[in-house]
Amino acid sequence: MRQTKIKSFTLSEILVVMVITAIVVGIAFTVLSIVQQQIRKIQENYKKTTELTLLEERLYWDFHRHNFIVYKDNGLTFISEIDTISYTFDSNYIIRDLDSIECEISIGKLYFDGKEVTAGRIDAITISAEKEIPNYSIFVSGQKDATYDMNHGF
């Protein structure tokens with residue numbers, strides 16, 4: 001009987017392939033971990049940007065729907081004939097009536113008739129969100145209605 005040699009891999013060749021496979025899989029898991037961290041950071045930034053955009057939009061609408069706006073004790077009060085809306089500013093969040101907006105902001109400047117004021121009636125506000133997003137600030141202003149001009153002169 002004639003013996004034929006069966007073609008196969010040697011033990012050392014299989015070990016080399018297994019070592020190379022382990023290295024490639026290790027690199028793949030490391031890259032996957034880095035990508036997941038980046039995705040988490042992108043999601044956090046998106047959430048922050050969305051919250052700040054929502055705040056800016058709400059302030060814009062409140063400034064344009066209400067004709068009497070007062071700033072007092074870290075809070076804004078918007079008054080009109082129809083309703084009243086209150087904002088309370090805390091270091092980590094903002095409360096708008098029953099809604100809460102999670103973001104770290106600081107009140108910059110308050111304006112009334114183009115002049116900077118510290119409290120009382122206002123018609124514009126600057127808010128800084130530097131703690132959330134670098135170089136991000138919000139400026140919102142409203143227009144006074146005709147009754148204000150008639151009562152206080154042009």
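Two strands count as paired if DSSP finds at least two bridges between them, and the strands themselves are DSSP runs (E, at least two residues), as helices are runs of H or I with at least four residues, both numbered from the N terminus. The structure is a predicted model, in which local features need pLDDT of at least 70 and side-chain atom pairs count only at pLDDT 80 or more, while totals for chains, interfaces and linings use all residues. Residues are numbered from 1 along each chain as its sequence is written, and side-chain values use heavy atoms, with hydrogens and water left out.

Isoleucine 95 stands opposite serine 100 in strand 5, and strand 4 pairs with strand 5 (residues 99–102) in the antiparallel sense over 4 bridges. The hairpin of these two strands has 2 residues between them, and in this hairpin aspartate 97 takes a positive phi near 50°. Strand 3 (residues 84–89) is also joined to strand 4, by 3 bridges and again antiparallel, with threonine 88 opposite isoleucine 95; a hairpin of 3 residues connects strand 3 to strand 4. In a regular strand the side chains alternate between the two faces of the sheet. Strand 4 (residues 93–96) has a covered face with Ile94 and Arg96, whereas Tyr93 and Ile95 make up the uncovered one.

A further sheet, open and made of 4 strands, has the order 7-6-9-10 with antiparallel pairing. Its edge strands, each pairing on one side only, are strand 7 (115–117) and strand 10 (137–141). Strand 9 (residues 124–128) runs antiparallel to strand 10 and is joined to it by 5 bridges, and serine 128 of strand 9 has serine 137 as its bridge partner in strand 10.

Tyrosine 60 and tryptophan 61 form an edge-to-face pair, at 5.5 Å centre to centre and 80° between the planes. Phenylalanine 78 and tyrosine 87 are likewise edge-to-face, at 5.4 Å and 65°. With buried meaning under 20% relative accessible area, exposed over 50% and partly exposed in between (1.4 Å probe, protein chains only), tyrosine 60 is partly exposed because its relative accessibility is 40%, whereas phenylalanine 78 is buried, at 0%. Phe78 and Tyr87 belong to one aromatic cluster together with Phe63 and Phe89.

Technical notes
Phe/Tyr/Trp six-rings, centres within 6.5 Å; stacked < 30°, edge-to-face > 60°.
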